Amino acid sequence: MMDDRQIQIFLDSLLPLFKAGVAFTLPLALVSFILGLLLAVITALARLSSWRLPRLIARFYVWVIRGTPLLVQLFIIFYGLPAAGIVLDPFIAAVIGFTLSVGAYSSEIVRAAILSIHKGQWEAAFSVGMSRKQALRRVILPQAARVSVPPLSNSFISLVKDTSLAASITYVEIFRKAQQIVATSYEPLLLYCEAALFYLLFCSVLSALQNYLEKRLDRYSAS
Amino acid sequence: MIEIRDLHKSFGPLAVLKGVDLAVEHGQVMVIIGPSGSGKTTLLRCFNLLETPDKGSLTLNTIKLDFTPGAKIPQRTVLSLRQQTGMVFQSYNLFPHMTAIGNVMEGQITVQKRSKDEARSKALALLDKVGLADKADAYPHQLSGGQQQRVAIARAMAVSPEVLLFDEPTSALDPELVGEVLKVIKQLAREGMTMVIVTHEMKFAADVADRIILMDNGVILEQGTPREVLEQTKNPRALQFLNRLSGEE
């Protein structure tokens, strides 16, 4: 099925693709996810706020991000903004795009997790004299975090795959590296399958980590 | 010490409290009884403002609150009132992500800004008092209902409240676990803790109460000593309620 030349190309591409994954795909995913989570918590709290303005801003943000394609958002940030005098490095542009995306989608997860915590927990916190802020920080968010680990892990795994979109804004992660090799080797089927294998590998490792994390957090969930 | 005047509370069109007056003296145990839906839990939850009354007034030592419809009570007043009250809930509501001792330390550290060591030694003393010193490091899900409720009592005591509020503390418990919780509450009564208790346990009520309040349909039907309310009442509605209860036993 594969001739010697193809096998050689396959083997020669292993290291460059792996390096692109470790040095470019994963950092992009990690940085965007951490910043995105922060944004998600802020957005979720804004949506649950008793004030109208933060609620409106948060809903508008989620509406815009969820209603437009991520690829289009990346193009606006990387190819569009220079027309307005804002020129961004591909990594920075990608981080901004993915952070906004994670923030919007995950805010729904965080919001649902906060709402899933029983009202009695708020009341117990209030009954010992805590303010809303203290109750949130000490009682509600730690429990909400536990509830949202499985869906957030799924978001992260999706994000790792979505980073392939950054190839379109010249960020040399796994997929763009594969494209570059295809350009000289003329082996699209081989190289794109090899790139897919790397995504599969990374995502499998992350799934295993997710299982481990869920088990560790299980110690008080029997109630 | 606590005085409530003409308290009203509605949920939407449903009037739950229709003008309640009562006073609790320092060191007194007041038990509130009455049929379901009579407003007794809502009344109790007004003591620490988990429910905000629509009308009337509430005085706790030096804090005096007047309620008018739509008016907000300043957050600082709410917090200082709550720091002088402790509450024990029907469904315990322990913090599941903290150990027993963690639950008892939490309010002391977060609200009262005590040092960890101070909070820990006070928490240990309280757990010892409710008979659970050996369960200090257990998580709530590792404890029986009765044990959880005793931790909850220790947690409520930890912030040194002026008054302890109990909302049907044994209703969610298996019958064989009720005794251990009632025993702790009786012990506190003997030590002179001021308490307001909503309960269905009549025998316990007769036993522990200095005053009993019988509520029905948002108003106080009868109030007085256990003898006056449980044995000498002439009020037909009160008699109906008490007879139905004794029929069940």
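How many helices and how many strands does chain A have? Chain A has eight helices and zero strands, where helices (H or I, at least four residues) and strands (E, at least two) are DSSP runs, numbered from the N terminus.

## Basis of the model

This is a predicted model, in which local features need pLDDT of at least 70, side-chain atom pairs count only at pLDDT 80 or more, and totals for chains, interfaces and linings use all residues. Residues are numbered from 1 along each chain as its sequence is written, chains are lettered from A and ligands numbered from 1 in the order in which they are written, and side-chain values use heavy atoms, with hydrogens and water left out.

## Chain A

From the N terminus on, the elements of chain A run α-α-α-α-α-α-α-α. Along the principal axes, the C-alpha atoms of this chain fill a box of roughly 75 × 50 × 25 Å.

An unreviewed UniProt entry lists "transmembrane region" for residues 20-48, 60-81, 87-105 and 189-209 of chain A; such positions are given in the numbering used here, feature names are shortened, and annotations may be inferred rather than shown by experiment. Residues 20-48 of chain A are 97% helix and 0% strand, with the end C-alpha atoms 40 Å apart. Residues 60-81 of chain A are 82% helix and 0% strand, and there the end C-alpha atoms are 21 Å apart.

## The sheet of chain B

In an unreviewed entry, UniProt places "domain: ABC transporter" at residues 2-242 of chain B. That span is 38% helix and 26% strand, and its end C-alpha atoms lie 27 Å apart.

Four strands of chain B form an open sheet with antiparallel pairing, in the order β2-β1-β4-β5; two strands pair if DSSP finds at least two bridges between them. Because β2 (14-24) and β5 (63-67) of chain B stand at the edges with a single partner strand each, one side of each is left without a neighbour in the sheet. From one strand to the next, the twist averages 15 degrees. Strand β4 (residues 55-60) of chain B pairs with β5(B) over five bridges in the antiparallel sense, and B:Gly56 has B:Phe67 in β5(B) as its bridge partner.

## Helices on the sheet

Helix α1 (residues 40-47) of chain B lies across β1 (2-11), β2 and β4 of chain B, at about 60 degrees to β2(B). Axes are lines fitted to C-alpha atoms, for helices over the stretch in contact, and angles run from 0 to 180 degrees between N-to-C directions. Helix α2(B) packs on the sheet and touches β4 and β5 of chain B, its direction making about 125 degrees with that of β5(B); contact means heavy atoms within 4.5 Å.

## Pocket and cavity

On a 1 Å grid over the protein atoms alone, a cavity is a set of points where a 1.4 Å probe fits but cannot get out, and a pocket is an open set with protein on both sides within 12 Å along at least five of seven lines; lining residues have an atom within 4 Å of a point. The largest pocket has a volume of about 1,000 Å³; grid points are joined across faces, edges and corners, and a volume is the space filled by probe spheres set on the points. Its lining has 24 residues, of which A:Ser50, A:Phe126, A:Arg132, B:Lys72 and B:Gln75 lie nearest its centre.

The largest cavity holds about 30 Å³ of space. It is lined by B:Lys129, B:Val130, B:Val184, B:Gln187 and B:Leu188, and helix α6 (residues 175-190) of chain B gives the most to this lining, with three residues.
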